[in-house]
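Reader: Please present the structure, and then let us discuss its features in turn.

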Amino acid sequence: MGTTWEWVAGDEALAPLWAAVHDRLCAGTDPAAMASVRVTGLPPAGVAALRAWLDDAGRLRRGTSAVVMDARGARVPVRALCQVLRLEPQDLVALVEHAVGRPVIDRAQQRTSDAALRQDVWQYAAAQLPACPGLVARMRTAGIGVNEGTGVRKLVDALAAVTTRLPANPPVSLPKLAHDTAGDPHFFDLDTLAGSRLVTLVAELTGQVEPTRPDRIRALLEQTGVVPDRLTATVLLHHVQAIGDGPIDRRLRDAVAPVSLHLFDLTRTPPRLDPIQVLTVVENPSVLEAALACGHTAPLACTSGQLRAVDHALLQLAVDQGVALQYAGDLDGPGLGIAHTVTRLYGARLVAMDLATLHDAGTHPSAVILGPLPAEDIDPQLARELRDVGRVVFQEHDAVLGRLLPPASTS
């Protein structure tokens with residue numbers, strides 16, 4: 001670009017003009033066909049510069065200007081300006097790109113290209129996954145974002161590869177399946193979009209309703225020989241009474257400290273729990289540490305926060321074997337949400353999650369600011385007073401521990 005054009009492009013007073021021209025070009029207007037452009041925000045210095053270039057002696061005598069001002073801004077004759085500045089159409093494109101600092105991209109053409117790309121991707125998906133039209137329809141409904149076509153094709157290829165390996169015999173771990181089909185052991189992690197697509201695929205291939213509970217999702221995958229993380233996630237059991245003869249029963253009876261059980265233990269060699277006991281399930285392992293410290297001997301279990309497949313397996317096992325459940329969590333949004341799920345699905349009675357516990361905390365709750373509370377099935381008075389306090393009451397608070405581990409039940 002010549003030095004004169006660089007000066008014109010760099011004139012701040014003309015920046016609104018070049019931005020307007022840039023926008024028109026990006027909308028698909030041919031630079032050779034652009035007669036004029038409407039400009040808003042053009043400062044007086046810009047108007048003066050344009051009129052100095054465009055208003056010849058004849059216009060000055062008639063008192064008319066090539067740059068027309070009205071309530072909507074300025075109408076600038078672009079074609080006449082290009083003639084004055086001796087700009088060819090391709091020069092105009094270069095000038096506005098230099099002035100605005102962004103390339104001119106024909107958005108209309110880009111939309112057409114994007115639409116063609118999406119159509120190609122969905123045709124490809126339908127061809128690769130002929131047995132899963134429901135999955136393809138769901139993916140199509142979700143759509144493809146900018147520059148996501150390659151990622152969708154990779155997901156389709158991985159899912160198509162999975163269909164050739166199911167049912168897996170011998171069983172294969174989910175990370176191994178992900179590695180062999182996508183090159184990444186975490187590709188189908190169940191907390192990712194790809195993982196949810198895998199679950200949809202398996203449900204459709206097996207003709208089942210797609211589950212939502214983590215334990216049922218894992219059970220669905222195991223039916224086809226895909227084994228999720230049954231050896232990693234664990235629950236802790238302390239003084240839980242088992243009356244069976246299996247290896248887990250013996251571990252529970254012989255233990256002097258909390259026993260860590262994983263999903264394999266609870267599904268392949270589950271213990272037989274004594275139905276006479278009441279099992280209190282807590283959210284945080286620190287409660288079990290406090291129980292150890294004070295010699296508390298009542299049955300306790302810990303799910304460590306958000307409910308995972310292994311947690312659902314324990315709770316369902318207790319229900320199936322007639323064990324009464326109590327649940328205690330933090331007095332905050334997540335804790336109350338988990339409590340709602342446990343009471344709804346498993347009929348647990350809540351303990352240390354009431355107004356009395358909040359009142360025991362008094363003017364010294366935990367230091368963390370209270371976030372949003374879930375809307376469902378919360379005592380309105382508890383919700384109001386929690387919001388008034390404005391801070392969380394965690395299970396580590398003495399007000400909670402005093403109710404979960406009362407001195408009268410210690411030895």
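Reader: Which residue follows H12, and what is the value of its phi?

Author: This is a predicted model, in which local features need pLDDT of at least 70, side-chain atom pairs count only at pLDDT 80 or more, and totals for chains, interfaces and linings use all residues. Residues are numbered from 1 along each chain as its sequence is written, and side-chain values use heavy atoms, with hydrogens and water left out. Helices (DSSP runs of H or I, at least four residues) and strands (runs of E, at least two) are numbered from the N terminus. The residue that follows H12 is Gly-225, and its phi is positive, near 85 degrees.

Reader: Which residues of helix H12 are buried, and what covers them?

Author: Buried means under 20% relative accessible area, exposed over 50%, and partly exposed in between (1.4 Å probe, protein chains only). Within H12, residues 214-223, the buried positions are Asp-215, Ile-217, Arg-218, Leu-220 and Leu-221. An α-helix has 3.6 residues a turn, so residues three or four places apart point the same way. The cover over the buried residues of H12 includes helix H11 (193-206), strand E5 (226-227), helix H14 (263-268) and H16.

Reader: Is Thr-163 buried or partly exposed, and which residues does it contact beyond four places in sequence?

Author: Thr-163 belongs to helix H9, residues 149-163. With a relative accessible area of 27%, Thr-163 is partly exposed. Its C-alpha atom is separated by 8.3 Å from that of Leu-129, 34 residues apart along the chain. Leaving aside neighbours within four places in sequence, the residues in contact with Thr-163 (heavy atoms within 4.5 Å) are Leu-129, Leu-201 and Leu-205.

Reader: Where is the peptide bond from Leu-166 to Pro-167 cis, and what is its omega?

Author: Pro-167 lies in the loop between H9 and strand E4 (172-173), and Pro-170 is placed in the loop between H9 and E4. A cis peptide bond joins Asn-169 and Pro-170, with omega about 10 degrees. The bond from Leu-166 to Pro-167 is cis, and its omega is near -5 degrees.

Reader: What is the relative accessible area of Arg-86, and what is that of His-239?

Author: Most residues other than glycine have a negative phi, and most peptide bonds are trans. Arg-86, in the loop between helix H5 (78-85) and helix H6 (89-100), has a positive phi of about 55 degrees, while His-239, in the loop between strand E6 (234-238) and helix H13 (247-254), has a phi near 60 degrees. Arg-86 is exposed, with a relative accessible area of 72%. His-239 is partly exposed, and its value is 33%.

Reader: What radius of gyration does the protein chain have?

Author: The C-alpha trace spans about 110 × 60 × 35 Å along its principal axes. The radius of gyration is taken over C-alpha atoms, and the globule rule is 2.2 Å times the number of residues to the power 0.38. A compact globule of 411 residues would have a value near 22 Å, but the protein chain has 34 Å.
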